[in-house]
Amino acid sequence: MANIVAIVGRPNVGKSTLYNRLTESRKAIVDDFSGVTRDRHYGQAEWVGKRFTVIDTGGFVHGSDDVFEAAIRDQVLIAIDEASAILFVVDATTGITDLDDEIADVLRRSSKPVFVVANKVDSAKQTHDTHEFYSLGLGEVYNISSMTGSGTGELLDELVKELDVEDEEEEELPKFTIVGRPNVGKSSLTNALLGEERNIVTPIAGTTRDSIRIHYNQFGHEFLLVDTAGLRRKSKVNEDIEFYSVMRTIKALEDSDVVILMIDAKDGIEAQDINIFHLAEKNKKGIVLLVNKWDTVEKDHKTAKAFEDTIKSKIAPFTDVPIIFTSVTEKQRIFKAVETAMEVYENKTKKIPTSKLNDVMLEIIEKYPPPATKGKYIKIKYVTQLPGRSPMFAFFCNLPQYIKDPYKRFIENKLRENFDFSGVPIQIFFRQK
Ligand code: GDP
Ligand code: GDP
């Protein structure tokens, strides 16, 4: 299950400082090869081996003062719906304000775990200041200093107890998520896949959360379909706000290896589709594009190619992505979509033997070496695939700092030409040797 922790609170209490601390700690654990996604507002954190996504809701509040409070209220409501746990940050140096009280009112009505975090307790002698926060009626108060990190360990120990642990056996199965704008056909596709073999499909309800994993095992394909399509939000907030769609998409992406992004053939690829695509790419997820409702398009032998070209020009530079033209209602190419998602998963998880990688790539590099810079020749000596959840390659050379982006792209293209990485973002690093 996707574990999302939302940081809520009024402005200036230290939400973004806490966010940085939580996501930094993750960054420090993994080495610089991993290319962990960090963004200003959401990123990965890890504590005692449990990974989760942290969202700083403060980063999503825009507008003038009068819309401010309403926006914060909306976010708290969304966080209650969508997050696994909530960190409610208050400021120990100012005490409880009206806005704190309002937020607490909303949080008290939720069943999600809420942690009251009294921030800016930089030294032990400030501890007594925070007793008043018990009156918020949300239980334990955790004194921390986001600035120095003091107290965050105790908070995280308690926080991770509320998060889902992955079922190990399930973990080994590929996880696919169908995403896309409303009405593209996500639920229809899910139902079509289920309908084919009802008796061997076992729905596994998400433990406490709101997504459902469907264990699919048919025609030699076994995977988990993470179904968020049928979910409907519970609170009365505006669905269009940026925070909501970002939260929703991240949640769907987090829990999957391969994202099946459906677009509507009638509309073509739109800005929102492209945003989802980039989010998946940035998170190093496998991607399959389905152009659904293909039955509604008048076509000749050139139509599919024209669609592909348009889509690729809009998702560039990462265009090595399978595009499948489906009609869920006519049952066209539904299984092709599943098979392709499976192939993308295999591409994403395969390891290229080092000897083969070197045989192929060093020969290419010898023929087309990186251009000399400032009179210096760059010699690439050795390449290896790094361990990780998505393909990463390290090229060891004498002067990595002189390798420019165009050459990096050239290397990526050659990797893609020689080893199938269709649908999979790959990362390339040049390292000193
Ligand atoms: P946000 O608006 O809730 O995201 O708050 P920020 O993270 O931007 O922090 C607001 C101010 O509080 C900044 O000046 C921070 O440097 C300061 N701040 C944040 N955490 C701490 C802390 O633990 N101790 C102290 N003394 N100041 C802090
Ligand atoms: P969701 O909101 O993405 O889950 O979309 P739905 O699965 O609810 O589908 C929205 C509408 O599109 C429904 O009326 C479906 O019957 C219709 N639909 C789904 N797939 C196709 C398709 O391939 N062709 C046509 N013509 N209609 C489709």
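Predicted model: local features only at pLDDT ≥ 70, side-chain atom pairs only at ≥ 80, totals over all residues.
**View 1. Helix H6 and the shell around ligand 2.** Helix H6 (residues 186-196) puts three residues into the shell around ligand 2, the most from any one element. Ligand 2 has 16 residues around it, and the closest are Gly-185, Lys-186, Ser-187, Ser-188 and Val-328. Sort that shell by class and you get four nonpolar, nine polar and three charged residues.

**View 2. A six-stranded open sheet.** Follow the strands across and the order is E2-E3-E1-E4-E5-E6, with mixed pairing. Strand E2 (42-47) and strand E6 (141-143) are the edges, each pairing on one side only. On average, neighbouring strands in this sheet are turned by 30° against each other, ignoring direction. Zoom in on E2 and strand E3 (residues 50-56): they pair antiparallel over six bridges. Within that view, Ala-45 sits opposite Phe-52 in E3.

**View 3. Helices on the sheet.** Helix H3 (residues 98-108) lies across strand E1 (4-8), strand E4 (85-91) and strand E5 (114-119), and runs at about 160° to E4. Helix H4 (residues 152-161) also packs on the sheet, touching E1, E2, E3, E4, E5 and E6, with its direction at about 170° to that of E5.

**View 4. Phe-88 in the largest nonpolar core.** This core has 104 residues, and Phe-88 is among those with the most contacts inside it, along with Ile-86, Val-116, Ile-260 and Leu-261. Leaving out residues up to four places away in sequence, Phe-88 touches Val-8, Gly-9, Ile-103, Leu-107, Val-114, Phe-115, Val-116, Val-117 and Leu-138.

View 5. Most residues other than glycine have a negative phi, and most peptide bonds are trans. The bond from Ala-316 to Pro-317, however, is cis, with omega near 10°; Pro-317 is in the loop between helix H9 (303-315) and strand E13 (323-325). Lys-331, in the loop between E13 and helix H10 (334-349), has a positive phi near 55°. Lys-331 counts as exposed because it has 12 C-beta neighbours inside 10 Å. Lys-374 also has a positive phi, about 50°, and lies in the loop between helix H11 (354-367) and strand E14 (380-386). With 6 other C-beta atoms within 10 Å, Lys-374 is exposed too.

Terms used:
Residues numbered from 1 in each chain as written. Chains lettered and ligands numbered in written order. Pairing = 2+ DSSP bridges. Helix = DSSP H or I, 4+ residues; strand = E, 2+ residues; numbered from the N terminus. Axes fitted to C-alpha atoms, helices over the stretch in contact; angles between N-to-C directions. Contact = placed C-beta atoms within 7 Å. Core = buried A, V, L, I, M, F, W, Y, C linked by C-beta atoms within 7 Å. Buried ≥ 20, exposed ≤ 12 C-beta atoms within 10 Å, placed from the backbone. Near = placed C-beta within 6 Å. Nonpolar A, V, L, I, M, F, W, Y, C, P; charged D, E, K, R; others polar.
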